Amino acid sequence: MVVLVLGGNSEIGLAAAEQFAEKEKAEITLASRNLKAAENQTYELGRKHGIVARAVAFDAIDFESHREFYDSLHPRPDVIILAFGVLEHQKACEEDFRKARHMLEANLLGAISILEIAAADFEQKGEGAIIGLSSVAGERGRQSSYIYASSKAGLTVYLDGLRHRLYESGVQVITVLPGFVPTKMVAGRTSKFGVTPLQQAGRDIYKAWKKGRHKIYTGSKMRWVMALIRNIPEWMILRMRNL
Ligand SMILES: NC(=O)c1ccc[n+]([C@@H]2O[C@H](COP(=O)([O-])OP(=O)(O)OC[C@H]3O[C@@H](n4cnc5c(N)ncnc54)[C@H](OP(=O)(O)O)[C@@H]3O)[C@@H](O)[C@H]2O)c1
């Protein structure tokens, strides 16, 4: 089995890839714009788990390169973990549209661009799994993060639709909705709704694939926290200034 991590230096992506390396002895391909860092990670994965791991160059917002990138993959992946993502501060996006646009391009358009190519390949083979890392943020717009949340809401709906399209072809599409996982992406930020340890997030993603799940939250409490947040009436949300 070959697992391709798009955004190969993502800490959550790597934690999930490590589970596949350990439990399935999967080959791992890390696709990243930071090739040097990805090569260091492949060395560690190979050393720890005795598996084949390689690094390849990939930029999620270089849309024109995606066809050539995918066609150049040897071997082709059986499982794809879409792990790249950008989190800009909300205020910075309000003040500078270029930051908002960059986040939307990476989190949503980059995902659609590369996954449409991979989906066609998997559909034609009639097998494979696409695991997309979206976010709980996309489940409810809040003043503190609504531009990032929009990109993730779009990604969640995109993955829903892709799963529907591929359902009868035998291709699995899993939406992962992480809560707060302490990685470099959220360094310096805190969470009001609890923290999911990184290794736990990796295990939850692997288990979702193993059990053939469609959509999961990482961490044991997040499902209930989000059920509550989704059901807070709008008039009440509007008065909660610290959300
Ligand atoms: N951590 C959380 O609390 C949390 C919560 C909800 C959802 N998520 C989502 O989970 C995913 C993984 O996040 P993480 O916590 O593992 O963050 P992370 O360690 O910061 O990983 C994100 C990765 O995305 C890569 N990336 C950004 N722009 C890219 C581009 N144009 N092309 C290729 N790669 C690009 C970065 O690559 P470089 O190494 O090249 O910079 C970075 O390694 C993200 O989609 C994030 O939105 C995270």
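**Reading helices, cores and loops in a predicted model**

Lys-25 lies in the loop between α1 and β2. The model in which this residue is placed is predicted.

Q: Which peptide bond is cis?
A: The bond that runs from His-74 to Pro-75 is cis, and its omega is near 0°. Pro-75 belongs to the loop that joins α3 (66–71) to β4.

Q: How is the packing of two helices to be read, and at what angle do the axes of α1 and α7 cross?
A: One considers the distance between the axes and the angle at which they cross. For helix α1 (residues 11–24) and helix α7 (residues 198–210), the axes come within 8 Å and cross at roughly 55°. That angle makes α1 oblique to α7. The crossing of these two helices is right-handed.

Q: Which residues bring α1 and α7 together?
A: On the side of α1, the residues in contact include Ile-12, Ala-16, Phe-20 and Lys-23. On the side of α7, they include Leu-198, Ile-205, Tyr-206 and Trp-209. By class, the contact of α1 with α7 has nine nonpolar, three polar and five charged residues.

Q: Is α1 roughly parallel or oblique to α2?
A: The axes of α1 and α2 are 10 Å apart and the helices pack at an angle of about 30°. An angle under 35 degrees counts as roughly parallel, and α1 and α2 are therefore roughly parallel to each other. The crossing of α1 past α2 is right-handed. Leu-14, Glu-18, Ala-21 and Glu-22 of α1 make this contact with Gln-41, Leu-45, Lys-48 and His-49 of α2. Three of the residues in the contact of α1 with α2 are nonpolar, two are polar and three are charged.

Q: How are α5 and α6 arranged, and at what angle do their axes cross?
A: Helix α5 (residues 97–125) and helix α6 (residues 146–166) have axes that come within 9 Å and cross at roughly 10°. The two helices are therefore roughly parallel to each other. Among the residues that meet are Leu-104, Leu-108 and Ile-112 in α5, and Leu-155, Tyr-158 and Leu-162 in α6. The contact of α5 with α6 consists of 16 nonpolar, three polar and four charged residues.

Q: What is the general idea behind a nonpolar core, and how many residues has the largest one here?
A: In soluble globular proteins, nonpolar side chains tend to be buried together. In this model, the largest nonpolar core has 31 residues, and Phe-20, Ile-28, Ile-81 and Ile-131 have the most contacts inside it. Elements that each supply at least two residues of this core include β1 (2–6), β2 (27–32), α2 (35–49) and α7. Helix α1 gives the most to this core, with seven residues.

Q: Which residues does Phe-20 touch?
A: Beyond four places away in sequence, Phe-20 touches, among others, Val-3, Ile-28, Val-79, Ile-81, Ile-131 and Trp-209.

Q: Is Ala-208 buried or exposed?
A: Ala-208, in helix α7, has a relative accessible area of 3% and is buried, because a value under 20% counts as buried. Leaving aside neighbours within four places in sequence, Ala-208 is in contact with Gln-172, Ile-174, Arg-213 and Ile-216.

Terms used
Residues numbered from 1 in each chain as written. Predicted model: local features only at pLDDT ≥ 70, side-chain atom pairs only at ≥ 80, totals over all residues. Heavy atoms only, no water. Axes fitted to C-alpha atoms, helices over the stretch in contact; angles between N-to-C directions. Helix = DSSP H or I, 4+ residues; strand = E, 2+ residues; numbered from the N terminus. Parallel < 35°, antiparallel > 145°, perpendicular 65-115°, else oblique. Left-handed = near helix turned anticlockwise from the far one by under 90°. Contact = heavy atoms within 4.5 Å. Nonpolar A, V, L, I, M, F, W, Y, C, P; charged D, E, K, R; others polar. Core = buried A, V, L, I, M, F, W, Y, C linked by side-chain atoms within 4.5 Å. Buried < 20%, exposed > 50% of the residue type's maximum accessible area, 1.4 Å probe, protein only.
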